[in-house]
Amino acid sequence: MERIYVFDTTLRDGEQVPGCQLNTIEKIEVARALEELGVDIIEAGFPVSSPGDFNSVVEISKAVTWPVICALTRAVEKDIEVAAEALKYAKRKRIHTGIGTSDPHIKYKFNSNREEILERAVKAVKYARNFVDDVEFYAEDAGRTENEYLARVVQAVIDAGATVVNIPDTTGYCFPDEYGAKIKYLIDHVDMKNAILSTHCHQDLGMATANTISGIINGARQIEVTINGVGERAGNTPLEEVVMALKSHPERGFYTNINTQKIYATSRLVSNLMNMPIQPNKAIVGRNAFAHSSGIHQDGVLKNVETYEIINPQDVGIDSNSIVLTARSGRAALKNRLTMLGIKIETEELDKVYQKFLELADKKKTVTDDDILMLVGKDSRLHRIKIDYLQVLCGIGVRDVASIGLNIAGEHFEATATGNGPVDAAIRAVKNIIRRKITIKEFLIQAISRGSDDTGKVHMQVEHDGMVYYGFAANTDIVAASVEAFIDAVNKFVIQ
């Protein structure tokens, strides 16, 4: 069995998704969860890009123990110096530097030529080696880079001291056979010394997992992935898919250090903190991943679960016999479920969450995992604007009218408005108080599970002064959730 190293970039590439940015405290929470999951390398950020990213790399370096902490840079000396400074507290540290190697990148992005790019790559690796012993080089857009030139670059950076060379399919362009062949070409034509190749695949054409597996089969020994596949554009390779694919096929001879029973909890934690719902049919961690509705499937599963399930739900941390939480459930049951979801909570905080839980359970028949995560995360951010009350009159044959009271930095305001439906009326009422030009660009409502008593999640994107802000809320009252999401977005620019 050959070890495949898991490089998680949820906190760097994954966090580049619009509206999914995490603060330092949230990043530390995710980093600790990744450590418990068994991730080998955590890419903690791009330190030179902002003071926030720099601070996050510093604090994550202090917070975790055994994973390698990695910081991203361009092939620029200043970037590398800043990364080295951010990594000073890391027990095990890596600088991840690189440059675009495809002809489109060389010509249009750098206005350069192949030889100059090769020199810059070597220079960056050598400079990074002055600060750390572990240097990873990325050949950006390797998926569209001609193989012979790519092999020259890979050989040169390994000779310069790179310990890992990342072969990104930056645009998600490659077919699995093509990407696998690229990895094999490099293995066959480069003296790898003690270095290894890494995959980094994107989901633009839906082939990130397949490309990653193909890369492993053909010689890559590190995979760059994110929880739930979060990432730019269509996303990155989902950690949970590749890890469980390898575990489901032991005959292939590969294994990872991942504690798969922590997958579900980590998935839900990231989804909750990033306010990014998991699609119901998402492989491994989706709500329907282990659900069977077809009569033929149900009959087969009842006779023998292996007829239609190749993965035991408990192997990824889903307890098929888990206790159903209702208004009659006690603190112990709630704490047990929080522990399953990767949430550690003190007694005093548990009491507060339990009271919120009872209020929600009185409105719903069953409280889901997503409901619980929503309760734990609720009111965690600083809000200058808060709702005092919201009252809406709506129906068939009547005028939709909303009245709202807002607390803005301790002052109380009230307004009433009519609108095209209860949500429109309520948001118009808010606008009557705030009196700023705000345009709603995107408005998404999603039920957490099923039923008319369900908690609804609302994601909203608004524009103000040419800038885009994101808001999120969850409530059993969808009108209230919509207004809370709108105010959450408004708070992002009001408190700046």
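Biologist: Helix H1 (residues 24-37) and helix H2 (residues 51-63) come within 9 Å and their axes cross at roughly 40°. How does H1 lie relative to H2 in this predicted model, parallel or oblique?

Modeller: Happy to start there, with the reminder that the model is predicted. The axes cross at roughly 40°. Angles under 35 degrees would count as roughly parallel, so H1 is, relative to H2, oblique.

Biologist: Which way does H1 pass H2, in a left-handed or a right-handed crossing?

Modeller: For this pair, the crossing of H1 past H2 is right-handed.
H1 makes the contact with Thr24, Lys27, Ile28, Ala31, Arg32 and Glu35. H2 contributes Gly52, Asp53, Asn55, Ser56, Glu59, Ile60 and Ala63. The handedness you asked for is right-handed.

Biologist: Which residues of H10 make the contact with H1?

Modeller: Here the crossing is left-handed. On the H1 side the contact is made by Glu26, Glu29, Val30, Ala33, Leu34 and Leu37. On the H10 side the residues are Ile263, Thr266, Leu269, Val270 and Leu273.

Biologist: And how many residues of that contact are nonpolar?

Modeller: The contact of H1 with H10 has one polar residue and two charged ones. The nonpolar residues number eight.

Biologist: What is the bridge partner of Val6 in S9?

Modeller: Strand S2 (residues 5-8) and S9 pair in the parallel sense. They do this over four bridges. In S9, Val6 is partnered by Ile223.

Biologist: How do H5 and helix H6 (residues 147-159) pack, roughly parallel or roughly antiparallel?

Modeller: The axes of H5 and H6 are 9 Å apart, at an angle of about 25°. Angles under 35 degrees count as roughly parallel. H5 and H6 are therefore, to each other, roughly parallel.

Biologist: How many residues of the contact of H5 with H6 are nonpolar?

Modeller: H5 passes H6 in a right-handed crossing. The contact residues include Leu118 and Val122 of H5 and Val153 of H6. There are no polar residues and three charged ones, while the nonpolar count is nine.

Biologist: What about loops: where does Lys193 lie?

Modeller: Lys193 is a residue other than glycine with a positive phi, near 55°. Its place in the chain is the loop between helix H7 (176-189) and strand S8 (196-201).

Biologist: And where is Asn228?

Modeller: Asn228 also has a positive phi, about 65°, although it is not a glycine. Asn228 sits in the loop between strand S9 (222-225) and helix H9 (239-248).

Biologist: Which strands are the edge strands of the open sheet?

Modeller: This sheet has three strands in the order S11-S12-S13, with antiparallel pairing. An edge strand pairs on one side only. The edge strands are strand S11 (385-393) and strand S13 (411-418).

Biologist: Last one: what distance separates the centres of domain 1 and domain 3?

Modeller: The domain assignment gives domain 1 (2-274), domain 2 (291-378) and domain 3 (381-494). Taken over C-alpha atoms, the centres of domain 1 and domain 3 are separated by 39 Å.

Terms used. Residues numbered from 1 in each chain as written. Predicted model: local features only at pLDDT ≥ 70, side-chain atom pairs only at ≥ 80, totals over all residues. Heavy atoms only, no water. Axes fitted to C-alpha atoms, helices over the stretch in contact; angles between N-to-C directions. Helix = DSSP H or I, 4+ residues; strand = E, 2+ residues; numbered from the N terminus. Parallel < 35°, antiparallel > 145°, perpendicular 65-115°, else oblique. Left-handed = near helix turned anticlockwise from the far one by under 90°. Contact = heavy atoms within 4.5 Å. Domains from an automatic or database assignment. Pairing = 2+ DSSP bridges. Nonpolar A, V, L, I, M, F, W, Y, C, P; charged D, E, K, R; others polar.
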